[in-house]
Amino acid sequence: MKPITKLTAVAAGALIATVGCSSAKTDSGSSGSAAGGNSNKSIAFVQGVAGDEFYITMECGIKEKAAELGYTVTTQGPQKFDPTLQKPLVDSVTSSKPAALLIAPTDVTAMQAPLEQAAKAGIKVVLVDTTVNDPSFAVSEISSDNVGGGKAAFEAIQAQKPDGGKVLVISTDPGVSTVDARVKGFEDASKTDSKFTYLGVQYSHNDASTAARLVSAALQKDPDIVGIFATNLYSAEGSATGIRQAGKSGITVVGFDAGPNQIKALENDTVQALVAQQPSTIGMDGVEQANAALTGGAVEKKIQTGFTIITKDNLSGEGGDAAYKSSC
Ligand code: T6T
């Protein structure tokens, strides 16, 4: 099925149920009512990782839409972006039987069976952000145009380094659908311009200090790297630090995501462009799809959301508006 695209702005170039080590909190919808007379109005949101501004901003969207439609929301996230920590959270959600589960699965393979189990238990599963190998059990999948975002990241480097050179990608882990798609979009685009040499991808395990170490080491080996694409928030944070630690300047760094630290890095010129997603919209769409599935409404199997390229030039306008929140 062709994804429905909700691209609003693309301007390239230019937790109280605690399981394991995670936290959860419950928020009540304040008004409205879930249509269709379904008495179970609880939605569980399981983040990819706790404390990540991308998922915090998504949670804000989820809470806002849930309040409008009369649902309560329980949010939980593992302390690391790690399926061995996320699976027990999902198992516990499945036994608590919410009406719907909105989840960003941390691995395409490892989260398949636990999520199928949740769906088999009658919970409406909506995949928000990431997906799994076979998402057929899910009522809907909502994510950014990640391949397009990777391509846009390359184009941003290309615009700043028209003479070309070596480019490197810092990602999180293989098997995370979103970042894998970003890497692909970037790699494919870089190979269309023979002035650029694609040095491949290195994995930081979603840890900023590991990303910093990888970048420092890469710059020792290839001091003539002209551009780095960091595929998510922590990769971007670490890449900027790694460049600083290596005492280098003049490298174009493009990061996915737009948390407060990334915005600061843009202001300080350690990062030149950010690909900001629309996590709040993804969350709101997720609740709408869960509600449609629960009330017999029309469900969209796949929804694709857009992104905004933020640079210093648009930070005071649409760029700034696309920045993520640290709290709702
Ligand atoms: O980039 C987002 C998200 O889209 C990705 O799946 C994992 O990393 C983030 O949460 C940012 O840290």
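Guide: A residue is near a molecule if one of its heavy atoms lies within 4 Å of it. Around the ligand there are 13 residues, of which D52, D129, T178, R182 and D257 come nearest. This is a predicted model, in which local features need pLDDT of at least 70, side-chain atom pairs count only at pLDDT 80 or more, and totals for chains, interfaces and linings use all residues. Residues are numbered from 1 along each chain as its sequence is written, and side-chain values use heavy atoms, with hydrogens and water left out.

Visitor: How far is an oxygen atom of the ligand from an N or O atom in the side chain of D257?

Guide: A polar contact is a pair of N or O atoms within 3.5 Å. For the side chain of D257 the distance to a ligand oxygen is 2.5 Å; for T178 it is 2.7 Å, and for N232 3.0 Å.

Visitor: Why does the ligand lie between domain 1 and domain 2?

Guide: Domain bounds come from an automatic or database domain assignment. Because domain 1 (14–143 + 279–303) and domain 2 (146–276) both give residues to the shell, the ligand lies between them.

How values were computed. Polar contact = N/O pair within 3.5 Å; in protein donor to acceptor, adjacent residues only side chain to side chain.
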